[in-house]
Amino acid sequence: MGTLCSQSAPVVAIIGGTGLSTFEGVECVVEEHPATPFGPASASIQRVLNPAGDIYFLPRHGGDHTIAPHLINYRANIALLQYLNVSHVLAVNAVGGLGATMGPGALVVPDQIIDYTVGRDSSFFDGVVGPLDHIDFTEPYGPEGRRSLFHAAQQHGIACHDGAVYGCTQGPRLETAAEIRRCQRDGCDLVGMTGMPEAALAREAGMDYASLCLVVNWGAGLSAEPITLEDIRKVVSAGMVDIKQLLLTAAVDILQASR
């Protein structure tokens, strides 16, 4: 049965999403690693040089952002982090907003998830690549990562929503208005394409996994204006400075908490 990692010295990995394919502004070293048993990860991993301890950065869409959400090798990415003894994952996800207070530009740390994806390799414990097992996924996001993200937001004076339901759709297309209405009826506050199976695989690997979501557009049908990639890029660009600050502060907080 998968359990949250309890190793004495934490190791933190940041998984970058749309708009965060490189980690400029901090000193990094690119580290090459062999392919995992599940094939190659999305990109070579970067080690962020920080006196607090080991922080790794992995862009889930690849270094040049060319891997579509449904084609990401999630198992390989998490297997690589497990090889590096990662104990905590801070993931960045670009999402659509469904709740009235979660419009473009909002930062949200979700606490629940609904999986609408199909056909993705979603487990290490499927009885084929590994032994059949069943993890407890009642609370899909780890407490330490979520706590550190909120603590970082308070330190920097950045508004951040505490708790939301993330609905993960297949992509790469955006949703229809009817699909968004279904998500709302199901209780979703956010909609994205990369939250699963990443969160579940991290739990199977014993990692404390938390997500920092940037709302980049309203869900389909919730705004009179059409959804355009140009508008999404503007929101992503504007939000990345705050996101990088939060991620690094949260990562250092996790590393120092064990001292």
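Helices are DSSP runs of H or I with at least four residues and strands are DSSP runs of E with at least two, and each kind is numbered from the N terminus. This is a predicted model, in which local features need pLDDT of at least 70 and side-chain atom pairs count only at pLDDT 80 or more, while totals for chains, interfaces and linings use all residues. Residues are numbered from 1 along each chain as its sequence is written, and side-chain values use heavy atoms, with hydrogens and water left out.

**The largest pocket holds about 640 Å³ of space.** Of the 32 residues in its lining, Thr18, His65, Ala94, Met193 and Ile232 are the closest to the centre. A pocket is found on a 1 Å grid over the protein atoms alone, as an open set of points where a 1.4 Å probe fits, with protein on both sides within 12 Å along at least five of seven lines, and a residue counts as lining if it has an atom within 4 Å of a point. Grid points are joined across faces, edges and corners, and the volume is the space filled by probe spheres set on them. Strand 5 (88–97), strand 10 (190–192), strand 11 and helix 5 (229–257) are the elements that give two or more residues to the lining of the largest pocket, and helix 5 gives the most, with five residues. By class, the lining of the largest pocket divides into 16 nonpolar, 13 polar and three charged residues, where Ala, Val, Leu, Ile, Met, Phe, Trp, Tyr, Cys and Pro are nonpolar, Asp, Glu, Lys and Arg are charged, and the others, Gly among them, are polar.

**The second largest pocket has a volume of about 160 Å³.** Its lining is made of 16 residues, and those nearest the centre are Asn217, Trp218, Glu225, Pro226 and Ile227. Strand 11 and helix 5 each supply at least two residues of this lining, which contains nine nonpolar, five polar and two charged residues.

**His65 and Asn85 are residues other than glycine with positive phi.** His65, whose phi is about 50°, is found in the loop between strand 4 (55–59) and helix 1 (74–83), and a relative accessible area of 34% makes His65 partly exposed, a class that lies between buried (under 20%) and exposed (over 50%), computed with a 1.4 Å probe and protein chains only. Asn85, with phi near 65°, sits in the loop between helix 1 and strand 5 and is partly exposed at a relative accessible area of 48%.

**Phe38 and Phe124 form a tilted aromatic pair, one of two aromatic pairs that a search of the whole structure finds.** The ring centres are 5.2 Å apart and the planes make an angle of 45°; rings of Phe, Tyr and Trp (its six-membered ring) pair if their centres lie within 6.5 Å, and planes under 30 degrees apart count as stacked, over 60 as edge-to-face and the rest as tilted. The pair joins distant parts of the chain, 86 residues apart, with Phe38 in the loop between strand 2 (28–31) and strand 3 (45–48) and Phe124 in the loop between strand 7 (112–115) and helix 2 (143–156). Phe38 is partly exposed, at a relative accessible area of 24%, whereas Phe124 is buried, at 9%.

**Tyr141 and Tyr209 form a stacked aromatic pair.** Here the distance from centre to centre is 6.2 Å and the angle between the planes is 25°. Tyr141, in the loop between strand 7 and helix 2, and Tyr209, in strand 11 (residues 208–218), are 68 residues apart, and the pair links distant parts of the chain. Both tyrosines, Tyr141 and Tyr209, are buried.

**The side chain of Ser42 reaches the backbone oxygen of Arg60 at 2.6 Å.** Ser42 belongs to the loop between strand 2 and strand 3 and is buried, with a relative accessible area of 13%.

**Cysteines are present, but the count of disulfides is zero.** A disulfide would need a pair of cysteine sulfur atoms within 2.5 Å. The sulfur of Cys168 is 10.0 Å from the closest cysteine sulfur, that of Cys188, so the distance is too far for a bond. For the sulfur of Cys188 the closest cysteine sulfur is in Cys183, at 4.7 Å, which is also too far for a bond. Cys168 is buried at 0% relative accessibility, and Cys188 is buried at 5%.

**The peptide bonds from Gly171 to Pro172 and from Met196 to Pro197 are cis.** Omega is near 0° for the bond to Pro172, a residue in the loop between strand 9 (165–168) and helix 3 (177–186). Omega is near 10° for the bond to Pro197, which lies in the loop between strand 10 and helix 4 (198–204).

Technical notes:
Polar contact = N/O pair within 3.5 Å; in protein donor to acceptor, adjacent residues only side chain to side chain.
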